[in-house]
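User: Hey, can you walk me through this one? I'd like to go bit by bit.
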Amino acid sequence: MSENTELMKYVATTCPYCGVGCTLNLVVNNGKVVGVEPNQRSPINEGKLCPKGVTCWEHIHSPDRLTTPLVKKDGKFVEASWDEALDLVAKNLKAIYDKHGPKGLGFQTSCRTVNEDCYIFQKFARVGFKTNNVDNCARICHGPSVAGLSLSFGSGAATNGFEDALNSDLILIWGSNAVEAHPLAGRRIAQAKKKGIPIIAVDPRYTMTARLADTYVRFNPSTHIALANSMMYWIIKEGLEDKKFIQDRVNGLEDLKKTVENYADAEAIHGVPLDVVKDMAFRYAKAKNAVIIYCLGITELTTGTDNVRSMGNLALLTGNVGREGVGVNPLRGQNNVQGACDMGAYPNVYSGYQKCEVADNRAKMEKAWGVTDLPDWYGATLVEQIKQCGEEIKGMYILGLNPAVTYPDSNLVKAQFQKLDFLVIQDIFFTESCQYADVILPGACFAEKDGTFTSGERRINRVRKAVNPPGQAKEDIHIISELAAKMGLKGFELPTAKDVWDDMRAVTPSMFGATYEKLEKPESICWPCPTEEHPGTPILHREKFGTADGKGNLFGIEYRPPAEVADAEYPFTLMTGRLIFHYHSRSQTGRAADMHREVPESYAQINVEDAKRLGIKNGEYIKLKSRRGETKTLARVTDEVAPGVVYMTMHFPEGVNNLTNTALDPMSKMPELKHCAISIEKFGGN
């Protein structure tokens, strides 16, 4: 330790990776972050961190951080002053707006950055360009959760907290590999198992989480609705539904009953034997308190919203909503997936999910922001914006996203970027997407700014500045503020994150009481928090739901197959997911030595029988092809996946998203990242 103790300090903050919201201390010495220590007082992670959390500091001072604005001239990037870069951005965005109107621009923000960045970014889009073409990357992970839970319960968020699973009598974890994707939420499941709480894991793949469960149920990929309907048929058949709860608090029972009549035995669709379906249904229905935990296995499909509503159906049918130990809880994949949506970085709502189509909401925002004529139309969503590049959309502003790797059909994304008249990207590294930009603006990472992240349990956690951004890089709210000044926009003179947060609170009833002062305590608070005296709301829907009539809604939902299924030409079903050692496109974890060493390149899991038939050995390179592209990867021969099924993670460039499908869920506009048809062949060489 340095003899000068003033040079070393701990700065309490929140992990920048998954949506569990673990808090930690950045260890700062001589103005540099040199390590992390878990926060022993945190009720979330209780002094524990996962491999990503332990190494979350290693990218902060990476030598390849963006440190100065870059402007493309004659096809090459050259360094520019902030004035030159921002003048160019302002000039081009305004020119496109003047010529093509509010639908000529697209704005996309990250779920990795703080709430304050997301709020000021969507405000800038709406105030400066009167557009609702603003979205965030929750669209391609939990957009269906927002849509589906809103329809079922009136609120598009988790009903209960992570720790509350320890109060349940049964945990049904469906389409989630929490042990790898959300390790500290996975720790709660492990604690529940140690406590004797039964765990049922429902997943097409035998994951680390499935290994932890007492009962593992493998089903055919993308057949969630048929399986849930089968369960509900037998719950109703045996009279195990919560009749009193339904009578008092739920609509739609007859519609549900009529639909599930056709799913008494749907093994031909979902592949689960009838006795297993019955056992799972009866155990869930008979448990005094049962909780459903799910993740992207449910959402990233063209049936994503209906899959989420099916989870809502199960909970409402059995009365498992509105108290301790129950509920329907999505595990959010990125640190601020919940928050980016909460802040109104969405094409149809302002902060707090206030709908743009409602005249009173627009009038309130116009008054607060000092503008007129805010639009009422539903803007273009994330993938829709990509598809509109060069046609409706001529210019795009991307904050903290790497679409060339993380969006479906990477080849399409790259081709569409080249059709734009102007593209500006604001980020901390030169990602694979940056090569398509006209201007690159260097922003600040989580350790270089103040703000908040909102976790998957609606807990608003503080992020605190520990060090300065490198070189000429700036905090992202300052970049937006300076750009707004270049354009003559008022209401962006906000020097601190707290100022931006208070600007948001003033127009957001559900978060008005969530002051920075209240967020300072280790446990922080969960929204809704409508007044400064309110303690926050760990559990939703205790007395009534957030719907217009205060009742939950059951829906009769028919099974429909994925947009693309395996056939003679592409005989395998590809699934995608996450890996414990990496995070999204690896722009951060790829710069952590231990994380990179653990898994330095992509791989595909292929069933033992399929590998034997194709003559593929473990560790060999193989080529996967879909109707959209191809990729080379390593083969991992395993029985974790069923015959005919292949699994790849989504973290690597020139990887799985060369193959994935852009077909959209009609309700949430979620692309079908979890399911597409592929072929496999041995690769000719290394």
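Predicted model: local features only at pLDDT ≥ 70, side-chain atom pairs only at ≥ 80, totals over all residues.
User: What stands opposite Arg459 in E21?
Analyst: Cys526 is the residue of E21 that stands opposite Arg459. Strands here are DSSP runs marked E of at least two residues, helices are H or I runs of at least four, and both are numbered from the N terminus. Residues are numbered from 1 along each chain as its sequence is written, and side-chain values use heavy atoms, with hydrogens and water left out.

User: OK, in which sense do E20 and E21 pair, and over how many bridges?
Analyst: Antiparallel, over 2 bridges. Two strands pair if DSSP finds at least two bridges between them.

User: And how many bridges join E19 to E20?
Analyst: There are 4 bridges, and E19 and E20 run antiparallel. Thr452 stands opposite Arg462 of E20.

User: Is E20 mostly covered or mostly open?
Analyst: Mostly covered: 5 of its 5 residues are buried. Buried means under 20% relative accessible area, exposed means over 50%, and partly exposed is in between, using a 1.4 Å probe and protein chains only.

User: Which way do the E20 residues point?
Analyst: Arg459, Asn461 and Val463 point one way, Ile460 and Arg462 point the other way, and all are buried. In a regular strand the side chains alternate between the two faces of the sheet.

User: What about the hairpin of E19 and E20, how many residues sit between the strands?
Analyst: The hairpin has 4 residues between the strands, and Arg458 takes a positive phi near 70 degrees there. Arg458 is a residue other than glycine, placed in the loop between E19 (451-454) and E20 (459-463).

User: Is Arg458 buried or exposed?
Analyst: Arg458 counts as buried because its relative accessible area is 0%.

User: Where does Asp373 lie, then?
Analyst: Asp373 lies in the loop between helix H16 (359-369) and helix H17 (382-388). Its phi is positive too, near 65 degrees, and Asp373 is not a glycine either. Asp373 has 59% relative accessibility, so it counts as exposed.

User: Which peptide bond is cis?
Analyst: The bond from Trp527 to Pro528 is cis, with omega near 5 degrees. Pro528 is found in the loop between E21 (525-526) and E22 (552-553).

User: Switching to helices. How do H3 and H20 cross?
Analyst: The axes of H3 (residues 115-129) and H20 (residues 476-486) come within 9 Å and cross at roughly 20 degrees. So H3 is roughly parallel to H20. On the terms: angles under 35 degrees count as roughly parallel, over 145 as roughly antiparallel, 65 to 115 as roughly perpendicular and the rest as oblique. Axes are lines fitted to C-alpha atoms, for helices over the stretch in contact, and angles run from 0 to 180 degrees between N-to-C directions.

User: Which residues make that contact between H3 and H20?
Analyst: From H3, Glu116, Asp117, Ile120, Phe121 and Phe124; from H20, Asp476, Ile477, Ile480, Leu483 and Ala484. Contact means heavy atoms within 4.5 Å. The residues of this H3 and H20 contact divide into 7 nonpolar, no polar and 3 charged. Nonpolar covers Ala, Val, Leu, Ile, Met, Phe, Trp, Tyr, Cys and Pro, charged covers Asp, Glu, Lys and Arg, and the others, Gly among them, are polar.

User: At what angle do H2 and H20 pack?
Analyst: At about 65 degrees, with the axes of H2 (residues 82-100) and H20 9 Å apart. On the H2 side Trp82, Asp83, Leu86, Asp87, Val89 and Ala90 meet Ile479, Glu482, Leu483 and Lys486 of H20. By class, this contact of H2 with H20 has 6 nonpolar, no polar and 4 charged residues.

User: And how many residues of H4 are buried?
Analyst: H4 (residues 143-153) has 8 of its 11 residues buried, which makes H4 mostly covered. Among the buried ones are Val146, Leu149 and Phe153. The buried residues of H4 pack against several elements, including E12 (290-294), H14 (304-317) and E22. Gly154, with a positive phi near 90 degrees, follows H4.
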